[in-house]
Amino acid sequence: MAMRELVSGGAACATSGSSSSSNPLGSLANALLGSSSKTQERLREIPTSTAIPSDGSASVGTGEPLSGLPGSELDHPLQPNAQGSEFLRGFRSADQHGLADVWDEIQRPQVNFPPEHVLRQPDTNGPPQRVLSSFLHSFVNSSHGGIPFCPATLPVLGLSAGDKQCIRDRSSIMARHFFADKSEDFINAQVNALLSSLEIDNDIRAPGPAFKRYQELEKYWHETHGMRPGPNPADGWVAEFAQHPVGHGDPSTWVQSFEQEHGANGWASEFEHEHAQLASMDHIRGATMPHLAAMEQTRMLANTLAQNNDPKFQNSKFFQFVSKMSRGEITVEDNQIKPATLSAPGDWATEYQQQYSGGQTWADQFVHEELSKGPNGWVDEFASERGHVDDGWVNEFSKLHVNDWAEEFGRQVGEGTFGDSSADNWASAYDEYLNEQTALKQQSESSRGVYVFSDLNPYVGHPNPLKEGQELFRKGLLSEAVLALEAEVLKNPDNAEGWRLLGIAHAENDDDQQAIAAMMRAQEVDPTNLEVLLALGVSHTNELEQAAALKYLYSWLRHHPKYGTVVPPNQPDSLYYGDVATYFSDAARMSPDDADVHIVLGVLYNLSREYDKAIESFQTALKLKPRDYSLWNKLGATQANSVQSADAILAYQQALDLKPNYVRAWANMGISYANQGMYEESIRYYVRALAMNPKADNAWQYLRISLSCASRNDMLEACDSRNLDFLQKEFPL
Amino acid sequence: MPVFKVPFNGYSVKFSPFYESQLAVATAQNFGILGNGRLHVLQLSPSPANPGQPISEISSFDTADGVYDCCWSESHDSLIVAAVADGSVKLYDLSLPPTANPIRSLQEHTREVHSVDYNVVRKDSFLSSSWDDTVKLWTVDRPSSVRTFKEHAYCVYSTAWNPRHADVFASASGDCTARIWDVREPASTMILPAHEFEILSCDWNKYDDCVIATASVDKSIKVWDVRSFRVPVAVLNGHGYAVRKVKFSPHRGSVIASCSYDMTVCLWDYMVEDALIGRYDHHTEFTVGVDMSVLVEGLLASTGWDELVYVWQHGMDPRAP
């Protein structure tokens with residue numbers, strides 16, 4: 001202000017006799033009001049004759065100078081000081097070294113400075129773009145038709161503080177543009193939903209003039225109300241808001257439910273609410289008075305502005321992109337904002353992550369799953385051992401299993417596990433499934449053990465795909481990690497560690513076929529790698545391939561520096577389960593504090609279906625390694641197998657708390673619910689797992705069965721066409 | 001009419017003032033929220049390599065952050081100024097190989113640069129406006145800004161040079177004001193509380209240098225006469241969401257083009273009663289860039305977050321093959 005007065009005052013002193021107003025505003029008005037003829041007049045008066053350099057810079061000297069802008073009315077010679085010259089003269093006399101000089105000075109020849117080559121290489125090492133891209137997309141698209149933004153649990157993206165600040169600031173500013181119809185509450189909720197799901201700290205404050213003002217206000221508020229300046233009140237409000245399962249889109253609904261929640265608190269809560277809003281506003285670093293006014297306006301407008309019912313909005317990419325999101329291992333949750341509690345960067349390299357889940361439940365309702373799987377595995381194992389397939393034997397073996405299954409099924413029906421109608425559905429679904437399996441059988445047999453690479457791999461050509469893969473794996477981005485690791489083993493086919501990690505990533509992603517294929521490659525390269533051997537043992541146990549499992553577990557023991565002495569030096573021609581179990585019991589006695597031995601024992605007891613012993617072993621191992629999420633999953637799977645599905649869910653929950661992207665645990669959770677007859681629940685978990693990894697074929701089959709059992713035949717088509725968007729909408733978790 | 005697919009979300013499109021077939025497109029990954037950016041220079045003719053495609057790419061330049069806006073130099077046919085979200089203003093010379101570009105990177109703004117505008121009268125200077133609440137004045141041959149204009153209380157979304165007066169420009173800000181500035185003066189010369197909501201764009205009438213249009217989050221476009229700015233000359237209602245850009249026709253004094261978060265491009269004649277004279281809903285996501293060719297009357301270009309660039313003649317269907 002003072003500055004302005006000062007300058008205009010100075011100008012007034014200097015310009016005596018000028019016909020025009022002498023203050024800056026007048027000068028401008030003059031310039032603007034003046035007719036073109038007047039301008040011409042003044043043009044002639046001007047003594048300056050500064051010419052515009054036709055080419056001011058050597059570095060940009062390639063274009064031909066144009067005398068005039070085509071199509072414009074500016075064909076007359078350019079006179080930079082054409083208007084406002086009275087003022088300018090006065091201004092100059094008042095301040096010789098003022099702004100006008102600088103502005104004119106630029107006309108004078110400049111010392112050329114060398115062109116800068118400052119382009120930073122585009123940052124391709126940033127956070128995984130696909131994950132983020134689709135996530136942000138869903139945020140942006142949530143503005144179409146006023147759909148509340150439902151954030152998903154996201155993996156650790158490795159966003160830098162700068163990235164987070166960008167996302168926070170930019171989304172806040174942009175949200176105010178495209179949520180124009182919505183109330184400030186809604187906008188804040190949307191932005192906060194985005195931020196909290198990206199784990200962006202709302203306390204990162206951007207600098208801004210308005211912030212100071214607010215700080216004062218906050219101080220005042222705290223002083224007058226004796227409140228502790230504790231954590232940002234906005235956070236509390238946001239969290240609270242997030243818990244409201246009401247339609248966030250309608251501010252009046254929101255207010256209603258807010259009142260229900262806070263009842264008689266009336267004014268106080270209202271004020272607090274305002275206060276919290278202010279705090280949220282502050283996050284966009286511009287809680288200026290115009291904003292507060294605008295906020296009020298928005299509220300009023302929100303009620304009067306009509307919703308956009310244009311089908312274009314409803315059909316926008318919001319829905320299409322949900323499926324793409326699945327590639328990034330994120331899903332849309334129900335109206336709940338669940339900030340991901342992500343696993344601490346663990347010592348993944350030393351942990352045994354290979355475990356199993358799915359198929360083991362065959363002892364329960366899902367026997368039929370294993371029916372075709374089991375023979376496959378056997379046949380495969382048989383083929384790889386003997387070099388050819390004995391069809392007769394296979395048929396006989398299959399029949400055997402069918403009988404087992406029929407018995408099992410009959411027993412369960414007898415126990416009333418299935419309702420009458422659901423049994424029918426289930427049976428027909430099963431028939432279809434069998435047909436499918438028969439068709440797939442040839443294919444899967446020939447491809448078994450052969451690692452199948454992804455088509456388009458953005459990590460091919462990456463300077464260090466192994467490191468990238470390890471990093472992605474650590475962050476829980478399994479599908480991305482798989483791609484990076486594939487790039488690594490394509491580059492270095494003899495890298496055992498690359499293959500091993502690839503196998504583990506597949507196992508965690510609930511893809512045992514690929515896991516085994518990768519692990520076998522790892523074992524080829526490094527036949528004595530303990531981790532690989534254990535992983536193979538577990539994978540084959542999962543596939544109920546006892547002989548192979550025993551072989552690998554035996555090798556593990558034999559090559560172990562501590563337990564090598566426990567086993568006879570020469571591997572016998574045929575391993576017996578009992579012998580191997582004895583060896584491991586000996587090993588466990590030797591060092592009762594070695595969690596690995598207990599894990600293997602647990603796996604072995606699974607093979608022999610001694611589930612109580614297996615549970616005991618895993619629980620012992622968990623005391624030694626309480627943060628091993630794969631171990632929790634193993635415990636859960638075992639409990640599920642021993643018909644303790646309720647306990648299993650608790651164990652899976654532990655695994656998911658430690659590692660939210662653990663696809664296998666999500667799928668297992670579904671199985672456990674299905675085992676308890678809670679099909680509707682199980683569907684949600686399958687869909688969740690599939691959203692993270694659509695390639696998990698087992699989970700698709702489980703989903704189909706649960707849909708049949710839940711009498712949701714209307715969704716079977718979506719399941720068969722693998723329409724995840726549709727399924728996710730129908731079965732949000 | 002021609003359509004071109006860009007890999008990122010379109011942010012801005014500008015016709016070259018020198019060649020009727022060239023246009024520059026500013027794009028940003030992930031809607032400009034996070035990621036890289038790319039500046040495309042397109043040619044309205046098929047390339048020999050790909051004769052089926054009506055628009056071909058002459059050149060493209062990658063940036064480490066989104067490109068929010070671009071403008072062509074009025075003095076050199078190969079010079080483009082880009083507004084980058086990392087706070088830099090970058091100059092690109094098409095006649096130089098990509099490795100020699102950008103020829104300048106001007107790093108002064110502390111936050112995202114949201115617009116750049118080249119002075120059409122004094123063809124040596126340009127303005128940048130930023131979310132750091134400031135506007136900066138630059139010349140092509142200086143390594144630092146000539147002046148910084150700091151008065152707005154919130155993001156400055158766009159600036160527009162007066163088409164006739166070399167020193168006068170307007171700025172549009174999220175503080176709900178538009179301001180008129182004379183670069184020789186220390187402070188803004190006029191504050192226009194034009195809307196009750198954030199103002200995202202402004203432009204001067206090319207035939208009446210006292211008339212300015214503002215576009216706002218309140219979905220409206222208002223036309224003002226700066227000599228009597230108490231009431232707007234016209235209020236153009238019809239967009240369903242915030243109006244992102246507004247642009248006066250270089251050929252008809254009363255014609256305005258606008259684009260909006262309602263995914264449409266609209267043409268208006270603010271002098272007539274039924275002001276809305278054309279609506280194009282060819283984009284399937286937010287439409288955030290629109291331009292009218294100076295060299296070809298009625299030729300329009302638009303871009304949006306659907307990653308498409310359309311070029312079409314007014315009255316035609318942009319999607320028509």
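View 1. Residues 192-228 of chain B are 0% helix and 49% strand, with end C-alpha atoms 11 Å apart. Helices (H or I, at least four residues) and strands (E, at least two) are DSSP runs, numbered from the N terminus.

View 2. Residues 496-529 of chain A are 79% helix and 0% strand, and their end C-alpha atoms lie 9 Å apart. For residues 629-662 of chain A the end C-alpha atoms lie 9 Å apart, in a span of 79% helix and 0% strand.

**View 3. Helix 22 and helix 23 of chain A.** The axes of helix 22 (residues 512-525) and helix 23 (residues 530-542) of chain A come within 10 Å and cross at roughly 150°. Helix 22 of chain A is therefore roughly antiparallel to helix 23 of chain A (angles over 145 degrees, on a scale from 0 to 180 degrees between N-to-C directions, with axes fitted to C-alpha atoms over the stretch in contact). Residues of helix 22 of chain A in the contact (heavy atoms within 4.5 Å) include A:Ile516, A:Met519 and A:Met520, and those of helix 23 of chain A include A:Leu533 and A:Leu536. The contact residues divide into eight nonpolar, four polar and one charged.

**View 4. Helix 27 and helix 28 of chain A.** Helix 27 (residues 611-624) and helix 28 (residues 629-641) of chain A have axes that come within 9 Å and cross at roughly 160°. The two helices are therefore roughly antiparallel to each other. Among the residues in contact are A:Tyr611, A:Ile615 and A:Phe618 of helix 27 of chain A, and A:Leu631, A:Trp632 and A:Leu635 of helix 28 of chain A. Nine of the contact residues are nonpolar, four polar and one charged.

**Notes.** Residues are numbered from 1 along each chain as its sequence is written, and chains are lettered from A and ligands numbered from 1 in the order in which they are written. In this predicted model local features need pLDDT of at least 70, side-chain atom pairs count only at pLDDT 80 or more, and totals for chains, interfaces and linings use all residues, while side-chain values use heavy atoms, without hydrogens and water.

Technical notes:
Parallel < 35°, antiparallel > 145°, perpendicular 65-115°, else oblique. Nonpolar A, V, L, I, M, F, W, Y, C, P; charged D, E, K, R; others polar.
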